[in-house]
Structures are given as C-alpha cells and as structure tokens.
Amino acid sequence: MLYAHSQNATIVHVDDSVLLARELLEARRALALTQSVALVATFTIDVDTERCEVTPALRALWGLPESATCATLTDFIEHIHPDDRLRVAESRNAALASKRPYHIEYRLVRRDGQVRHVRTDGQFFYDADGNPVRNIGAIVDITDQRDAQRTIEHLMGHDKLTGLFDRERFMERVQEAARDGHRGTPFVVAIFDIDRFTAINDSFGSAGGDTFLRALARRLTEMARDGEAFARIGADEFAALLLVEGRDAEAATARLENAIAAPVQIGDAAVEVTATIGTSVFPFDAADESLVVKASLAMAQLKNRGAHGIARYHPDMERMLAERRHLQMSLHGALDRNEFELYFQPIVEAKTLALCGAEALLRWNHPSLGVVPPGAFLPAAEDAGLTKAIDAWVLRRIAQEAASIEPDHSFHIGFNITAHSLLSNSFAETLRGVVASRPASNVSLVAEITEQALLADHMHAQASLSLLRENGIRVALDDFGTGYNTLSYLRMYPIDVIKIDRSFITDLERYSYSRSVCSGILALASQLGLPVVAEGVETEEQQEFLQTAGCEMLQGYLYGRPMPRTQFDQLLAKFAPQPARANGTFHR
C-alpha cells in the first residue's frame, strides 16, 4: 500500500517489509523441509568389476524402471552432465591418490532428460595391500534445497515489488565493478527519482503506482547490457550502473533518460514522466562505492534548484554541501535570536502607476554572512525541518505589518508559503491562530503558492487553499506559465490572482514567443475575471507592452527593489491614498 506525505511526497511501501519477512520465513521453512525429505541414494561400487547394485532410491534418482537391478561405473558416468564429468572424475582420482573422502556437487541427468542438482559424498576402501576394493557413498538430490536457498538469497538482495537489486546488493555490485574497472573500463553510477510520482498515485491509486514501478523496472532490465545493474533504493528512487563505451558517459546516461521517458500504460492511460538524475563516473569522480554518494549529491543539488534532468557530480558540490550544513547549524535558533526580517517590494497599478500593494520577501540577517535571501537558506531550512516554524513566523509577522499600515490605503500584501507548510497537518491550526489574533485592517493578504505545492498532494493542497480563502486570505498562483499544468490549476483550485513568471517579462523585448505567452495569459485571465501581476518589470518598454496588453498590476526593479519596512514606509508616504478598485487590486 502506498502513502504520500510531506512536500517531497515520499511514498512508503508500509506492507513491503512485512511481506518480505513473511516470504523469507516461508522460504526458510521450505528449505528446512527439503533438507529433511531430500532423496538419498546409497551405492557400493566394486572397483574390480566396476559394478553396483541398483537400490530403489538410486532407481528413483536416475529415473530407471523397476527392472533395473544392476549398474556399472559407465552408467554412473553417463548420468553425470557432460560438462561436469571431468570435474567429478578429478575429484574421485584425487580421493584415490590421497586416500581421503571426496565431496562434490554436480548436475545429474535423469533417463527422461530432466536435470537435477546432486551432492555426492564418497570414500574408497582398501585391502591389506593398500589396493582399492570398494567405492561406497551416497548421492543426495539437492535440487529443491538449492531452489529454496536461491529464493532466500533473491529475496534478501532484491526489491520485492520490482525484482531489481536492493540498495545493499547494488552497493556490492558497484564495489565489484570498481575492482574490475581497474582494467580500464569506465562506468557511470546514476541515482534518480521519478518527478511527480505522487501525481500517479493520486490519479491511479496505489495499485496504479505499483504498476508503473514494475513497468519501469522491466524496461530498465530490458535495456541492461552485460555487466550493467539496476536497483530500487527508495519509494520512487532508483540506481543504475551503466557501462561507458569509449569515454562517452553522456551517451550512457542518455540511454537511461530515454528509457524513463517512454510512456507507461496504466489502464487506458499512457503515462509519461521525467526524472531527476545525478551521476558520477568511474574512475574520474571516485574509484570505490563513494560513487553512489556522489551521484546522490548531484541529484540532490539538481532537486534543490527545482530542476529535473541530468547533473554530474562536481567537487564544488562538496563545498556547497558543507556550506548548506553550516547554514543548517546557523538556522537553529535564528528565530529565537530574531534574525529574520521581512522586506517589501512595491506593486503598482499598471494604468496609473499608483502603489497598490507589495510582496513581502523573507530575509535572514546572518551574523557573519550579512543579509541572506530565501533562495540561499530555505533548502537548508527544509533539510533541518524548520520551514513550518519559519512560515508560521512569516504569517504572524505579515498580520502585524498589515495592521500597522495606514488604514485609508487600499492595499494588499502578498507573502509566500512553502509547499512543506501548506501541506502540513499543522497548517490549519497555525492559520486559525493567526487570523483569530490579527488586528483589524483594510489591508488584504494574498498567499502566493507555486506549482510544486499543488503537485505534491492534490487533495491536501485544495483543502489548504480553501481554508485560506475562508479566512479572508486570497490565493495567487506564482510563476504562472512555467509549469506542466498551470492552465488546469485555474480550474482545479481556488485561485484568485495570476502572477506571470519573470522569465517571460525579461524576454519581452527580445522574443516574440514571450510576448505571445504574456498576451495569451492576459487574455485568458480577462475571460476568467482574474487579476494579473507581471513580475520582473525592469524597463519602460516592458511596462508599455504590459499596459497595452491589459495587465492590471506590475512588480519589478523599475518601481523598487525589495526594501526594509522603514524604507518602504518612506515610499508609501509619497503616494496619496487610493480608493478601493474592483480590478486594480486583489479585492474582487
């Protein structure tokens, strides 16, 4: 059964460990049973005549009729698999020379052609002159025992759902490849997870998620070349060992990326996914199992940037990781030390350029690093489990700041909520507490959320957004136009405002594509009755285009950079109070 939780949408197979333990127990019981009932055929071969009596057990082992009562050494040899005969002969001859018992496992071929695995324990007996006279021993059918043992070994080294290696077995395989690789064969270690895997679970249920994982595992197995290996090392996290032809490591990784990208059929739907892939290359990045750690680090760096695709390990990542750990340590206690501060960036009405709002942006006044923007410390805060506490502080502080703005200003303040907080179980309680203690104010609040929050958990996100609106806080969809399904979000979620991503605004003057996208978004918003804010406006040419296209609000360096509250108050004083408008602000 699959359960999703948190911003990172971890999927935990809570039943897998129970099922694996159960199957291991059953396999071990089967092994014990086969050992207790294994077919044992004793024999006594006369060395001079090379003849032997055929016992009922020997007849059953060889598959002979009941009429068979006598056999020769030649019969023994003919029932040994041709590829094993020399090895068996060498074992018997060594026993003769050393006058010690012999023990050997080999394949036995029955009369009907069936191949069985057996173990023979034998010994030669000698006369007074030291000449061998009898060869006495026992043949044990160990076929079922071997099968049971192999089942146990497979269960202990493989993922139950997909049949791929588990993490421990994959690490062993990397170690083996590194030892063999000293002969000069490079290889790639890739660690990757499936982007938006929870969306598959949400759409098709846990059974659909399992179907996808099994189908992907089959595809990876089919693409594997001799010497390559794949593993499932997490809920939706996989590992690959890929051989490199020549020095083209990128080609090996491209094979993997293409295999992942091919559609997977779940019921009537063809599901396409992307992956975030981190790689390291033997022997250039490492020459041991630390290749796995370095590939994981490359993947983590890529995910921290909110990107997907492929990233190869680089030594700078170690430095970045160390810096991130330093930030994590410094973040503990930052709230108690009152090191956080809100900066405000102006938002103006497009038609009049009158100040109508601001976006509150979090800053961290680090004792030694100075003012640190959120993009630099929020990933570290997330790793340290501090995002919910920081977001709660922002929400309380926003309510206080809104109350301190002159009441005759028609004004809104936007603030960001991380996906981790929006989807947390404590969000509702935190929000209600802030709203209940919020002083009266005609300044409206707008929560800005990104596609990431909507992707992680559809039902939870919808409930949290509805809760915001019920408590008088509007919802803005930030970075609009950059995601996979941004248009569908306007239908699925209670969205009040659209914020066009700054990347489209930056390219307005250079690319017709960006102008077309902006015009399309503005036309769509007009049809839906949704106000639009254009972020990242820096030139008068961009401003003029957006005014002509019907954009209602503008934000960017052209009107002011993010600034402390004291400086923002000075900017507020320059503007006369504005009467409330139906379309120019977030009041609709």
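## A buried arginine without a salt bridge

R219 is buried (under 20% relative accessible area; exposed is over 50% and partly exposed in between, with a 1.4 Å probe and protein chains only), yet R219 has no salt bridge. A salt bridge here is a side-chain nitrogen of Lys or Arg within 4 Å of a carboxyl oxygen of Asp or Glu. The nearest side chain of opposite charge to R219 is E222, 6.1 Å away; Lys and Arg count as positive, Asp and Glu as negative, and His and the chain ends are not counted.

What does lie beside the R219 side chain? The backbone oxygen of A262 lies 2.8 Å from one of its polar atoms. R219 also touches A259, I260, A262, P263 and V264, not counting residues up to four places away in sequence; contact means heavy atoms within 4.5 Å.

## How to read this model

This is a predicted model: local features need pLDDT of at least 70, side-chain atom pairs count only at pLDDT 80 or more, and totals for chains, interfaces and linings use all residues. Residues are numbered from 1 along each chain as its sequence is written, and side-chain values use heavy atoms, with hydrogens and water left out.

## Two nonpolar cores

A nonpolar core is a set of buried Ala, Val, Leu, Ile, Met, Phe, Trp, Tyr and Cys residues joined through side-chain atoms within 4.5 Å. The largest one has 76 residues, and I413 and L468 touch the most other members. Apart from it lies another core of 32 residues, including L161, M223, A259 and I277.

I413 has contacts with F344, A358, A360, I398, A402, I405, V443, S444, L445 and V446, leaving aside residues up to four places away in sequence.

## Salt bridges

Let's turn to charged pairs. The whole structure holds 25 salt bridges. In one of them, R469 pairs with D496, and the closest N and O atoms are 3.0 Å apart. D496 counts as buried because its relative accessible area is 1%, whereas R469, at 35%, is partly exposed.

Another salt bridge joins E245 and R225, with the closest N and O atoms 2.8 Å apart. E245 is exposed because its relative accessibility is 58%, while R225 is partly exposed at 39%.

## Cysteines

How many disulfides does the structure hold? There are zero, a disulfide being a pair of cysteine sulfur atoms within 2.5 Å. C551 is in no disulfide, and the nearest cysteine sulfur, that of C518, is 8.3 Å away. C551 is buried, with a relative accessible area of 4%.

Terms used: Polar contact = N/O pair within 3.5 Å; in protein donor to acceptor, adjacent residues only side chain to side chain.
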